[in-house]
Amino acid sequence: MGFFNTSGLLFFLFFLFIFQNTLGQTSEEEAQEMLGLVNEIRAARGIPLLSLNAELSKAAYDHSNDMARNNYFSHTGLNGSTFSQRINAAGYNGSPRGENIAAGNASVVNTFNQWLNSPGHLNNMLNSSSDEMGIGHAIDNGSTYTHYWTQVFGKSSGVLSSGDDVAIQKIKIYPNPVKDVLHVDLQNTIEEPIYLKLVSVTGQIVFQQIKNQYSSDLKLNISHLPTGIYFLYFQNTNISKVLKF
């Protein structure tokens with residue numbers, strides 16, 4: 001019985017040591033919360049929203065993980081890698097745009113506020129040429145700062161930016177703000193089907209429709225959507241902010 005107790009205690013202490021020094025992995029909730037906070041400040045300035053990208057998130061987490069495991073804090077990896085090299089190595093097909101790092105805070109909000117109050121980090125979050133983001137949070141209780149965060153940005157391949165030319169002759173959206181039904185009166189000169197989508201502030205597509213005609217009066221029933229800010233996209237280009245109440 002004494003041997004069993006001793007063995008059990010040793011096992012428990014070993015498990016506790018491993019648990020206390022296990023590197024945490026970014027949760028989906030953390031990623032969505034950070035995306036929502038970044039998109040809120042972009043929306044307030046009329047900048048197109050970001051969406052989460054798996055390869056960017058891998059690059060971000062791998063760097064946070066490396067900093068936590070090896071107890072350092074730098075944009076340059078221990079192997080000399082830059083953020084662009086790490087993003088490309090993660091398999092991202094777009095163009096790297098920037099990286100933010102932070103350490104010391106456990107929560108998404110406090111980490112976001114660190115970046116929000118730093119001009120350089122804020123510029124990265126507001127970069128209009130970026131359309132995708134990745135976030136990585138790693139934890140090591142044996143390191144100096146315990147919590148390490150990395151946020152990376154990219155421009156996806158084959159997606160129009162807000163400055164790309166879209167041949168729109170006329171567009172009218174009403175009412176705005178809207179409660180139940182949003183009317184979209186659209187005429188354009190593009191000789192192809194009309195592609196419309198409505199995107200939430202977290203980058204989620206909540207409505208999309210393709211119309212095989214060159215002018216259309218669409219009625220979007222959004223009564224089921226929660227109140228907040230949405231963005232209407234035409235042919236992948238953001239054309240209007242919609243307020244739902």
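Let me start with a convention: two strands pair if DSSP finds at least two bridges between them. With that in hand, hello everyone, and here is β2 with β4: the two run antiparallel and are joined by eight bridges. Helices here are DSSP runs of H or I with at least four residues, strands are runs of E with at least two, and both are numbered from the N terminus.

Some housekeeping. This is a predicted model, where local features need pLDDT of at least 70 and side-chain atom pairs count only at pLDDT 80 or more, while totals for chains, interfaces and linings use all residues. Residues are numbered from 1 along each chain as its sequence is written, and side-chain values use heavy atoms, with hydrogens and water left out.

Now the overall picture. The chain has six helices and eleven strands. Of its 245 residues, 43% count as buried, where buried means under 20% relative accessible area, exposed means over 50%, and partly exposed is in between, with a 1.4 Å probe and protein chains only. Taking contacts as heavy atoms within 4.5 Å, residues 24 or more positions apart make up 64% of the contacts with a separation of 6 or more.

Back to the sheet. Strands of a sheet pair through backbone hydrogen bonds, either parallel or antiparallel. Ours is an open sheet of four strands in the order β1-β3-β4-β2, with mixed pairing. At its edges, pairing on one side only, are β1 (51–52) and β2 (95–103). If you look along β4, you will find Gln151 opposite Asn100.

Next, please look at helix α2, residues 28–44. Its 17 residues reach 24 Å from first C-alpha to last, close to the 24 Å expected at 1.5 Å a residue; that expected span is 1.5 Å times one less than the number of residues. Buried residues in α2 include Glu30, Met34, Leu37, Val38 and Ile41. After the helix comes Gly46, with a positive phi near 75 degrees.

A nonpolar core, for us, is a set of buried Ala, Val, Leu, Ile, Met, Phe, Trp, Tyr and Cys residues joined through side-chain atoms within 4.5 Å. The largest such core has 19 residues, and Met34, Val38, Phe112, Trp115, Met125 and Met133 have the most contacts inside it. Two or more residues each come from α2, α5 (108–116), α6 (119–125), β3 (132–139) and β4 (147–155), with the largest share, six residues, from α2. Not counting residues up to four places away in sequence, Val38 touches Leu50, Phe112, Met125, Met133 and Gln151. Apart from this core lies another, of 14 residues, among them Val184, Leu198, Leu225 and Tyr230.

Is His137 buried or exposed? Buried, with a relative accessible area of 3%. For its partners we use polar contacts: N or O atom pairs within 3.5 Å, where within protein one atom must be able to donate a hydrogen and the other to accept it, and residues adjacent in sequence count only if both atoms are side-chain atoms.

Last stop: Asn124, in helix α6. Its side chain reaches the backbone oxygen of Glu99 at 3.3 Å.
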